[in-house]
Each structure stands twice: as structure tokens, then as C-alpha cells.
Amino acid sequence: HILVVDDEPAIRETLRGLLERLGHVVNEAENGLVALECYARGTFDLVLSDVVMPELNGFDLLQALQPQIHERVPFVIISSHDDQEGVKAAIYAGAFDYLRKPFDEAHVADVISRALDQAEAWAVGGTAGTPPPGPPLGAVAASAPALAPSGVAAIARAGKVVCVPSPGGSSSGAVRRPGPLGRLLRRFTRR
């Protein structure tokens, strides 16, 4: 069961059609407030959300859902091509991955498959106090100003568990394992 959140009806329709062709059940919400209501009434395996929306944007939705979805329901953001800073911020906040508009159907199918595999892995092997396999260390490292882009890419490729201090100096919650967003990090650091 997938919740698609976007204020543009054409985007919701496009994603619904693709996801239904892939065999998924889809619910739609036109903004973050409606998504919160839908989430409270249903059980979802995955949330796909646009970043820029009226009423409650994708970042605020991710933050509001974080206590319920952490280590259980992957949250994938939908972003325009030119919103790389927003993508990095959402990943840092706990998003599993992102989909770029306009959509490439093969990429959408791949991200959905990996996200649902991740949800299943969390359900089978996740225990309280054990960090899930994602989000990757890059979610933290990409926003750490002390790390040069080449260092972020090297860490992402190395596949190591790393602790990166947060901006406030604490390393609480900053331990991450490399995951499906290593590819995203390499893309950002090549620029």
C-alpha cells in the first residue's frame, strides 16, 4: 500500500498509473495535511511525497511522520531537477531516496522496489535499538561542512560505518551505514 502525496493532480495520476501497473495499491493526498489524515486512517508500506506543497510541505510531513515511520516505512521524496539542496536536506532528515521530476519509469520502479525491500527487511530483522540498514551515512556526511565533497564520495564508496558529528558537536544519531543512496552521493559530489 503506497501513499502518494503531491499537490499536482497530473503527478499523482502519473504515479498512480505506474504504481498500479506494477501491482501496488495506491492512495493519494494533495498536501501534507491530507497525507497525515490518510496515514492515521490506513496502513502504508511506503510514502512518496513532493517537497513543495501548500498547507504542509514534504519536509514538514516527513518530520511529522518520523516517529511513526522510523525503521518501518520508507519515505521517498519527489523533487524537481534543480532542487538538490532540498533533496540533501530531506535525506538528512530521514528520507530513504528521491524521485526526480520528470519521472523515468524504470528509475521509479527501481526506487519503489528497493524501498519496499527495505521495509520488508526492517519488518523481519529490525529490533528496537538496532539502526536500520538505511538511510546511508551520506545523509549525514553530505551535510557536514567539514567534509569535502571528495571525502563524502570516498566514504560512500568504501561501504564503512562512520560517525560524523552533527553541527552542534554531538554525534548522537549520526552513525549510518551506506545504503541505497550512495549513488546519489556520488552524483552530488561529481559536480
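Among contacts (heavy atoms within 4.5 Å) between residues at least 6 apart in sequence, 62% join residues at least 24 apart. The model is predicted, so local features need pLDDT of at least 70 and side-chain atom pairs count only at pLDDT 80 or more, whereas totals for chains, interfaces and linings use all residues. Residues are numbered from 1 along each chain as its sequence is written, and side-chain values use heavy atoms, with hydrogens and water left out.

**Overall composition**

- The chain contains eight helices and seven strands; helices (H or I, at least four residues) and strands (E, at least two) are DSSP runs, numbered from the N terminus.
- Of the 191 residues, 42% count as buried, where buried means under 20% relative accessible area, exposed over 50%, and partly exposed in between (1.4 Å probe, protein chains only).
- The accessible surface of the chain is about 9,300 Å², and 54% of this surface belongs to carbon and sulfur atoms; the areas come from the Shrake-Rupley method with a 1.4 Å probe, and for residues only the protein chains shown count as cover.

**Salt bridges around K101**

- Nine salt bridges are found in a search of the whole structure, each being a side-chain nitrogen of Lys or Arg within 4 Å of a carboxyl oxygen of Asp or Glu.
- D6 and K101 form a salt bridge, with their closest N and O atoms 3.4 Å apart. This pair links distant parts of the chain, as D6 lies in the loop between β1 (2–5) and α1 (9–21) and K101 in strand β5, 95 residues apart.
- K101 also meets E8 in a salt bridge (3.4 Å, N to O). E8 lies in the loop between β1 and α1 and K101 in strand β5, so the pair ties together parts that are 93 residues apart in sequence.
- A salt bridge of 3.4 Å, N to O, joins the side chains of D50 and K101. Because D50 lies in strand β3 (residues 46–50) and K101 in strand β5, the pair ties together parts that are 51 residues apart in sequence.
- Through shared partners, salt bridges join D6, E8, D50 and K101 into one network.
- K101 is buried, with a relative accessible area of 15%, while E8 is partly exposed at 37%; D6 is buried, as is D50.

**Aromatic pair**

- One aromatic pair is found in the whole structure. The rings of Y39 and F44 have centres 5.9 Å apart and planes at 25 degrees, so the pair is stacked.
- Rings of Phe, Tyr and Trp (its six-membered ring) pair if their centres lie within 6.5 Å; planes under 30 degrees apart count as stacked, over 60 as edge-to-face and the rest as tilted.
- Both Y39 and F44 are buried.
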